[in-house]
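Hi everyone, thanks for coming. I'd like to walk you through one model this morning, so please have a look at the screen.

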Amino acid sequence: GVAGDACRDDVPDLTRSQLDSVRKGMTPEEVLAAIGQPHSRVDRTFTFCVQGGTADVTFGKRGTVSSVG
């Protein structure tokens, strides 16, 4: 299965190195397998809890990662 939402109290926040494993061109399924469930999904953006805050993974018109940050 896919790891739980890192914003939950029982799941540790993602580390910078985990977030760095997300690369441009990845599909949503590949992102989920790499770093787990996002805290929210709005339009083309997944938002994840990371140590020190949140980070967005945005998908372009082709449905693959266009930016991480």
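Let me start with a definition: buried means under 20% relative accessible area, exposed means over 50%, and partly exposed is in between, using a 1.4 Å probe and protein chains only. With that in hand, look at D43, which is exposed, with a relative accessible area of 80%. D43 sits in the loop between strand 1 and strand 2, and has a positive phi of about 50° although it is not a glycine. Helices (H or I, at least four residues) and strands (E, at least two) are DSSP runs here, numbered from the N terminus.

A word on the ground rules. This is a predicted model, where local features need pLDDT of at least 70 and side-chain atom pairs count only at pLDDT 80 or more, while totals for chains, interfaces and linings use all residues. Residues are numbered from 1 along each chain as its sequence is written, and side-chain values use heavy atoms, leaving out hydrogens and water.

How confident is the predictor? On pLDDT, its confidence in each residue from 0 to 100, the protein averages 94, and 100% of the residues score at least 70. Among the elements, helix 1 has the lowest mean, 94, and strand 4, residues 65–68, the highest, 98.

Now to helix 2, residues 28–35, where V31, L32 and I35 are buried. Why do they line one face? Seen down the axis of helix 2, the buried residues fall within an arc of 100°, so they share one face of the helix; that arc is taken from the directions from the helix axis to the C-beta atoms. The face turned away from them carries the exposed residues E29 and A33. Covering the buried residues of helix 2 are, among others, helix 1, strand 1 (40–42), strand 2 (45–50), strand 3 (53–59) and strand 4. Just after helix 2, G36 takes a positive phi of about 90°.

On to charges. A salt bridge is a side-chain nitrogen of Lys or Arg within 4 Å of a carboxyl oxygen of Asp or Glu, and by this rule the count comes to two. One joins D10 and R8, with the closest N and O atoms 2.5 Å apart; D10 is exposed at 55% and R8 partly exposed at 44%. The other joins D20 and R16, at 3.9 Å. Both of these lie in helix 1 (residues 16–20), four residues apart, about one turn of the helix. Here D20 is partly exposed at 37%, and R16 counts as exposed at 53%.

The D5 side chain does make a polar contact with the side chain of H39, at 3.0 Å, and reaches the backbone nitrogen of C7 at 2.8 Å. A polar contact is a pair of N or O atoms within 3.5 Å; within protein, one must be able to donate a hydrogen and the other to accept it, and residues adjacent in sequence count only if both atoms are side-chain atoms.

Last stop, T45 in strand 2: a polar contact of 3.5 Å joins its side chain to that of T58. Thanks, everyone!

How values were computed. pLDDT = per-residue confidence, 0-100. Contact = heavy atoms within 4.5 Å.
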